[in-house]
4 protein chains.
Amino acid sequence: MAVVLGANQYGKAEVRLVRVTRDSGDDAERHELSDLTVSVALAGDLADTHTAGDNAKVLTTDTQKNTVYAFARDGVGEIEEFGLRLARHFVDSQPSVHRARVRIDQHAWERLGSAPHSFARSGREIRTATATFDGEAAHVVSGLRDLVLMNTTDSEFWGYPKDRYTTLAETKDRILATAVTARWRHASPDSDWAESYAGSRTALVEAFADTYSFSLQQTLYAMGSRVLERRPEIAEVRLSLPNRHHFPVDLSPYGLDNPGEVFHAADRPYGLIEGAVTRDDAPPAPLAWDLAEGGL
Amino acid sequence: MAVVLGANQYGKAEVRLVRVTRDSGDDAERHELSDLTVSVALAGDLADTHTAGDNAKVLTTDTQKNTVYAFARDGVGEIEEFGLRLARHFVDSQPSVHRARVRIDQHAWERLGSAPHSFARSGREIRTATATFDGEAAHVVSGLRDLVLMNTTDSEFWGYPKDRYTTLAETKDRILATAVTARWRHASPDSDWAESYAGSRTALVEAFADTYSFSLQQTLYAMGSRVLERRPEIAEVRLSLPNRHHFPVDLSPYGLDNPGEVFHAADRPYGLIEGAVTRDDAPPAPLAWDLAEGGL
Amino acid sequence: MAVVLGANQYGKAEVRLVRVTRDSGDDAERHELSDLTVSVALAGDLADTHTAGDNAKVLTTDTQKNTVYAFARDGVGEIEEFGLRLARHFVDSQPSVHRARVRIDQHAWERLGSAPHSFARSGREIRTATATFDGEAAHVVSGLRDLVLMNTTDSEFWGYPKDRYTTLAETKDRILATAVTARWRHASPDSDWAESYAGSRTALVEAFADTYSFSLQQTLYAMGSRVLERRPEIAEVRLSLPNRHHFPVDLSPYGLDNPGEVFHAADRPYGLIEGAVTRDDAPPAPLAWDLAEGGL
Amino acid sequence: MAVVLGANQYGKAEVRLVRVTRDSGDDAERHELSDLTVSVALAGDLADTHTAGDNAKVLTTDTQKNTVYAFARDGVGEIEEFGLRLARHFVDSQPSVHRARVRIDQHAWERLGSAPHSFARSGREIRTATATFDGEAAHVVSGLRDLVLMNTTDSEFWGYPKDRYTTLAETKDRILATAVTARWRHASPDSDWAESYAGSRTALVEAFADTYSFSLQQTLYAMGSRVLERRPEIAEVRLSLPNRHHFPVDLSPYGLDNPGEVFHAADRPYGLIEGAVTRDDAPPAPLAWDLAEGGL
């Protein structure tokens, strides 16, 4: 038996970049704003640094951070595009880097009325992108998180198996609420990113709202399917949907009824529904997805 | 010397209430939604419970929670109104309770298009209200927090004293960004709460956007003044404005200039600017404000 | 009516300082470590900066940060002492600064065995200090927060009033758990800070553990009293104790009893018990305490 | 092309369980305490619920929660054992459940002196376990997270490649600090869990402390190797080590030197080093690891 190095990667995480564009269009007074958190992860020929402390092949995480800021000088554009530029650069410029993955969170801001350079941060969802390049293929996964949605009716839950530990009452009317984390893989690394994001987001939201739901699993599948039906450029959708339970409060001890109007919003525990929806003819692309902790 | 009990209060904190209104207006299908976090704090004749373990005068925090849900059965309305109803109830119904303070956070939701009962949580600011009643006078403080604003120019900072430890360069153009916490005290506990909130919020945002700023202190004062100038029902405004520093990145090592376009958004440390703006003829009302930890 | 500036302060918040001492005692190899978060708040003659954008009297928050690091060059020592040094410096060196308040959080680390320069962060409580100087008097408040304590028995709760909204069952045996935030004011700004902290912390913990409790209020008073009884240098104690509810789970639907052994640890809502315990002959010192938001 | 359901799982997340043992050993007064957060994830024959809203095969997450509490009635023991009991139960009792994964976080408490039933929460690391059962094989991964370690010297970083964007100065002496997340897979689901955890934790900590480090990658490999060398029952170790940068403060503008004593502890960005260390003869066991988001 010998001890050996397994899968590994390293990089600079959570580089906070704000890019102001000062001369957008005809109006020199009018600014645009892009607020990003960028994380880089590189993999490659890193055995010596792990086993012998030899850093000759380690592009430092400080250099990675500098590169993010320097590349922003030329503008950021759509985050998928910015991620691809960075990922290609790291692999193309460093022979020891065999794979680069760049994850970007975009925090949305809204212009204050017609003010030329004043903005309020929109706290709604965070738009995300992951761009991966291994020297040959490039992959792009777009997505969002923290999109909190609620249907106050049109949700039932019944017909489930009952065992010794089952006490839950069946219901024909409940609140269904969740905080959507969704990621969708593009079939090719070449898309109209802004239009694709807007369309995918709309598909998710509309499917959530107009699905009469018998389970959050059913809603998840409807959301993923809707994206695939509408967006030919998307090959696969992965969703993680916590079930944010809203329990009707029993007001009968106070002589009151509660016709589905007064709810306790619970924190923990919560249901967690996770699933993928894919095209049956789309080849899988495991490289496209983050090396999550367990996926190393 | 003897040990004595000083100021004290107790209550149920962070009751999570979601209230659905199912028959709003003519359309029985159309729901409305109110999402609140309610905290109650009671003070009064509580010496015996502290010193002798006698709970005969302790309205339990569990009962307080139940009361919040029960009162919601009749509707919530504006949070200032709901807070006042609760505060008056606790003092009026319990002889041992001499003062009740009810703090409410309201989490905003937006309807999804024209959907009758589907909503997305708006992550922008949280609206707040504190209602206090001591058996005689009622006070209301409205407010907001987590409203993140940015001006990408029209901000200078120079002319400050230099001592041995000063290294900061003066600037004639910088980003000014903050996360506004603001609270404003109503002169009387009787107002058009919705209209007053909307008007005060607009005053704060507009003053932030249109003030050419030489310091965040100046912007703070402009924001508070604007509320008082526009809203005769408001007697006092208190603001807490963290200075969310955005530092221009030095790109010169890479042979690039940076004409105010690429910024590092820093986390810590941050400046923190706090101040009150009042009318000179408004009598102070310390009871209106939260007993903060240090204020006991 | 005119709009006027009310109470105000400003400063640099959350300066993260780690101070290594390399030559502690006889062993040049042995390091000591101090990990602090320092926040400065200054008040004084600041009307012009608010109303006219004149910064001639504004010692910048950047300079305040630099001063914290520069003063650390001479060593940090006990945080009360370090806070006093800084507070006196700001008032004594800047005529426009009339009051300085320095708040420090100390994050504890423990040496790894007998290793000379290796440490693990102790996640237990954070030690806190607030030093205030107004040019004449200096005040020191020591404290701690995030000290999570639990008694698994010796706690009852009964005898409370029942109204229409009361459903809570009385109990002769429950878990009592809390996360202690405590602050205690020293009668003079001159103490053996390390010994005083250790003794006050022990008093709080022992009083929590050995008080047979009929309410968390009673436990709070016992904790505050114990500090005052043991520590003559302390004039006043303020405590904020969230009641971290642990509800016994009803296992009867599964044919099981639950003799006080299986509990659900709830997040929200929670009871919140706040109170001060003082000496009857100690003059109050409001200046010693933080200007909390509502206290401006 | 058809839309199809991909990998999926569901379950109750973050069940907060506190288990008190009242009759530990000879002393009926002496209590023991176990504080767990339990998350269940089930996979199996769930196509109908996703595509047709048929819940006949959905063991509800509420039932899962009830099961956790009911099983705790018989005692919890080591978290690996408790996880295995639960995972086997779900698969063995529900034909439609083909795989169960139970993740448990254990929050440590320490007895207050010799008090029989009083405890303080130890804020140090959280102990973790993941037990997985698919009807045939059972896998156990133990671990910890939030173990914050620091070496104040014996760390160098130099010899790395320089490109256009490199500005970092090489150093022969720096602080090395990290917050360890580690997970290690047991070769068989049958171990002395308590002894194994203690030994693995010690191996990690000692390797961190006594490795003279030329990179955090090198330290990571030393930590993983140490576990495998000492613990024959462990087949694989996965580590995620954020590099918590501590930058020496330049005090020269104030006429002061800084011989490695005054540091700024930075928040973001941070390096992130991730890697696996394995035995070359250990068969991989992907089922053992969490289905992370990207791993579906």
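Biologist: Where do I start with a helix pair? Is the crossing of H4(D) and H5(D) right-handed or left-handed?

Modeller: The crossing of H4(D) and H5(D) is right-handed. Keep in mind that this is a predicted model.

Biologist: Which numbers describe a pair of packed helices?

Modeller: Two numbers are used: the angle between the axes and the distance between them. Here helix H4 covers residues 193–210 of chain D, and helix H5 covers residues 216–230 of chain D. They pack at an angle of about 145°. Their axes lie 8 Å apart.

Biologist: Which residues of H4(D) and H5(D) make the contact?

Modeller: H4(D) brings D:Gly199, D:Ser200, D:Ala203, D:Leu204, D:Glu206, D:Ala207 and D:Phe208. H5(D) answers with D:Thr219, D:Ala222, D:Met223, D:Arg226, D:Val227 and D:Arg230. Sorted by class, the contact has 7 nonpolar, 3 polar and 3 charged residues.

Biologist: Now the whole chain. How many helices and strands are in chain A?

Modeller: Chain A has 5 helices and 13 strands. Its C-alpha atoms fill a box of roughly 75 × 70 × 40 Å along the principal axes. Of its 296 residues, 54% count as buried.

Biologist: What share of the contacts in chain A joins residues at least 24 apart?

Modeller: Take the contacts between residues at least 6 apart in sequence. Of these, 64% join residues at least 24 apart.

Biologist: Which domains does the assignment give for chain A?

Modeller: Domain 1 runs over 8–136, and domain 2 over 138–289. The centres of the two domains, taken over C-alpha atoms, are 29 Å apart. In chain A, 15 residues of domain 1 are in contact with 16 residues of domain 2.

Biologist: Which elements supply the side of domain 1 of chain A that touches domain 2 of chain A?

Modeller: Helix H3 (79–93) and strand S7 (126–133) of chain A each supply at least two residues. S7(A) gives the largest share, 8 residues. By class, that side of domain 1 has 5 nonpolar, 3 polar and 7 charged residues.

Biologist: How are two copies of a chain related?

Modeller: By a rotation about an axis and a shift along it. For chain A and chain D, the rotation is 180° and the shift is 0.0 Å, with an RMSD of 0.0 Å. That is the relation of a two-fold axis.

Biologist: How many residues do chain A and chain D put into their contact?

Modeller: The contact takes 77 residues from chain A and 77 from chain D. On the chain A side, the elements giving two or more residues include strand S1 (3–13), helix H2 (61–72) and strand S13 (270–279). S1(A) gives the most, with 11 residues. This side of chain A has 33 nonpolar, 28 polar and 16 charged residues.

Biologist: Why do the copies A and D meet through the same surface?

Modeller: Compare the two lists of interface residues. 100% of the interface residues of chain A are also interface residues in chain D, so the copies meet through the same surface.

Biologist: What rotation superposes chain B on chain D?

Modeller: A rotation of 180°, with 0.0 Å of shift along its axis and an RMSD of 0.0 Å. In chain B, the C-alpha nearest the axis belongs to B:Asp267, 3.5 Å from it.

Biologist: How many residues do chain B and chain D bring to their contact?

Modeller: Chain B gives 7 residues and chain D gives 7. The chain B side divides into 3 nonpolar, 1 polar and 3 charged. Again, 100% of the interface residues of chain B are also interface residues in chain D, so these copies meet through the same surface.

Terms used: Residues numbered from 1 in each chain as written. Chains lettered and ligands numbered in written order. Predicted model: local features only at pLDDT ≥ 70, side-chain atom pairs only at ≥ 80, totals over all residues. Domains from an automatic or database assignment. Contact = placed C-beta atoms within 7 Å. Helix = DSSP H or I, 4+ residues; strand = E, 2+ residues; numbered from the N terminus. Nonpolar A, V, L, I, M, F, W, Y, C, P; charged D, E, K, R; others polar. Least-squares fit on C-alpha atoms with pLDDT ≥ 70 in both. Axes fitted to C-alpha atoms, helices over the stretch in contact; angles between N-to-C directions. Left-handed = near helix turned anticlockwise from the far one by under 90°. Buried ≥ 20, exposed ≤ 12 C-beta atoms within 10 Å, placed from the backbone.
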